[in-house]
Amino acid sequence: MSNIFPFLKSLNNYNKAKFRLDISAGLVVGVMLIPQGMAYAMIAGLPPVYGLYTAIFPSLLYTFFGTSRHVSVGPVAMDSLILFAGVSTIAVVGTDQYIGWVIAISFMVGLLQFSFGVLRLGFLANFLSKPVILGFTFAAAVLISIKQLKYLLQINPDQYTNIFTELLFYISHIGEVHMATFSLSVSAVILLVVGKKIRPKFPTSLLVVVLGILSSYFLDFSQLGIEVVGIMPTGFPAFSLPAWEGLPWKPAASIAFTLALMGFVEIYSIGQRLQDKHKSEYEIDPNRELVSIGLGNMVGSFFKSFPATAGFSRSAVNESSGAQTGVAALISILVVILTLFFLMPVFQYLPNAILGAIIFVAILGLIDTKLAYKLWRNDRHDFFMFVSSILGTLVFGIEYGIGLGIVLSLLVLIYKTSTPHMAVLGRVVGTSYFRNLERFDSAVDDEFVSILRFDARLFFANVRSLKSKVEDLVKKKPAMRKFVLDAQSMIDMDSSGMDGLEDIIDYLNQKNIEFHMVNIIGPVRDKLFNSRLIEKIGLAFVHDCISDAINEGADETKLTYQTNLNK
């Protein structure tokens, strides 16, 4: 049973001390979930109560079937924005049709994730590189922040598909700002920022919500023109089937695939980061993660939840608060259920500006300006993907930004595999060591000998690069008499690689240049023997080390090399 339900395995050696820690962590995260869930539902274009619905069943199913003991599953800002960006193009936000199609797409997201897990396709997440995800997150944070201006300023813009035109709208209508709402928004933002600095683990967002509700009730904010959440349904969401009628399948499938992939990337990456601190306790299974979050989203769609995944801030708080098992998640779910049954009448007084401020401050933490410099310093290819992902998301929209990111990741992957690192080596003076001539001034080159180290698997995508490099070396060294291929970093070779190697041997033979191969590892050596290519190379020209290859052959070559070393 523990193989089916990893939750049961986590209860081995469970005791009162662990239970107290789980209760503490569960209460803290549950308190965080209430304002966050309501705020993220607003990002998705849904009534705030749907955020609380989303915090129940997806989290419950994941708790029993998932492999992480610390991630907190529920609504998240980025997925809510993707959902809004996609569904708002096929339905009018706020209508019953919009809500129904959101729930239907949530079922599709769960079905895709579950299917990916069963088919063991968890490796798909590898095609979204970290710079692309970071760039997408950066752009999404900017988009979400701008979307909150309508709550912070209480200006209702038209439906804009371009974020730049929407921003220009706010600038041109700055005189229409509702000053009472703006003052409340600024106060909430200041309190949230200061509270986070002073007491990082304290649920400042809940304090802001409570103060907002009390102020709204006693000062009668509705009479001041400040918009409030209004009356919301009480109790548990009723069971209902997703509304499929009239749903345009092609755009819906595109939205669902994007959300399924991003949801998995988020829950797996967050789970991995937290599991690194508890390596001896449990392991993350990517395919099991897909199955569990997929089940959660499918079942949740029958109870009015929209796509859920792991939230980084909640998961980090859950782990730092001492959560030991999934019991902490069950406590959080209980807090949400109790809120739905007993506290919903209180939340009707909550100002929209408070929820907007909570989102605004939470999202600003995702905008890391130092990241760009770090990527620029470490890897220019990563920096290019990062910037391209940001611009693509901002210009073309969030749903196309992810697609662009995948394409960029694949293009860079193809480029890097087709242009592997190769080093021309020379002997370090006074030693038997051979080092990269471009990196070591003490390494000596020789006009009669070229030594090339190929640092990759030799296969169809990069064999042309090796052939071009050899041809280039021959052109630069017209007096070359010996070519040595150092294969210590060549981990494999396919049929195209072997054909290419044979072409190189023929080319060198035409130039009266000996071909030698050194440091061949077992798997490559086996393929050379099985393909009989070893016969063309010649056993006498295969060596255990570069020195043996250099010292074998014509006396003229050895003499020239020794002369250069003496110089």
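The protein chain has 26 helices and nine strands; helices here are DSSP runs of H or I with at least four residues, strands are runs of E with at least two, and both are numbered from the N terminus. This is a predicted model, in which local features need pLDDT of at least 70 and side-chain atom pairs count only at pLDDT 80 or more, while totals for chains, interfaces and linings use all residues. Residues are numbered from 1 along each chain as its sequence is written, and side-chain values use heavy atoms, leaving out hydrogens and water.

**The chain as a whole**

- Along the principal axes, the C-alpha atoms of the protein chain fill a box of roughly 100 × 60 × 50 Å.
- Of the 567 residues in the protein chain, 53% are buried (buried means under 20% relative accessible area, exposed over 50%, and partly exposed in between, with a 1.4 Å probe and protein chains only).
- Among contacts with a separation of 6 or more, 81% are between residues 24 or more positions apart (contact means heavy atoms within 4.5 Å).

**Two helix pairs to find**

- Two packed helices are described by the angle between their axes and the distance between the axes.
- Start with α10 (residues 179-198) and α17 (residues 352-364), whose axes come within 9 Å and cross at roughly 40 degrees (axes are lines fitted to C-alpha atoms, for helices over the stretch in contact, and angles run from 0 to 180 degrees between N-to-C directions).
- That angle makes α10 oblique to α17 (under 35 degrees counts as roughly parallel, over 145 as roughly antiparallel, 65 to 115 as roughly perpendicular, and the rest as oblique).
- The contact joins T181, L184, S185, A188, V189, L192 and V193 of α10 to A353, I354, A357, I358, F360 and V361 of α17.
- By class, this contact of α10 with α17 has 11 nonpolar, two polar and no charged residues (Ala, Val, Leu, Ile, Met, Phe, Trp, Tyr, Cys and Pro count as nonpolar, Asp, Glu, Lys and Arg as charged, and the others, Gly among them, as polar).
- Next come α12 (residues 249-275) and α14 (residues 312-320), with axes that come within 11 Å and cross at roughly 20 degrees.
- This makes α12 roughly parallel to α14.
- Here I270, R273 and L274 in α12 meet F312, S315, A316 and E319 in α14.
- The contact of α12 with α14 has four nonpolar, one polar and two charged residues.

**Two buried loop residues**

- S68 sits in the loop between α4 (57-65) and β1 (73-74), and is buried at 10% relative accessible area.
- Leaving aside residues up to four places away in sequence, S68 touches Y62, G271, Y282, I284 and E289.
- A polar atom of the S68 side chain lies 3.4 Å from the backbone nitrogen of V71.
- D494 belongs to the loop between β7 (482-486) and α22 (495-510), and is buried with a relative accessible area of 14%.
- The D494 side chain reaches the backbone nitrogen of G497 at 2.7 Å.
- Although D494 and L458 are 36 residues apart along the chain, their C-alpha atoms are separated by 6.8 Å.

**Two residues with positive phi**

- Most residues other than glycine have a negative phi.
- R120, in the loop between α6 (96-118) and α7 (130-147), has a positive phi near 60 degrees.
- R120 is exposed, with a relative accessible area of 55%.
- N519, in the loop between β8 (514-518) and α23 (522-530), has a positive phi of about 55 degrees.
- N519 counts as partly exposed, at 23% relative accessibility.

Key: A polar contact is a pair of N or O atoms within 3.5 Å; within protein, one must be able to donate a hydrogen and the other to accept it, and residues adjacent in sequence count only if both atoms are side-chain atoms.
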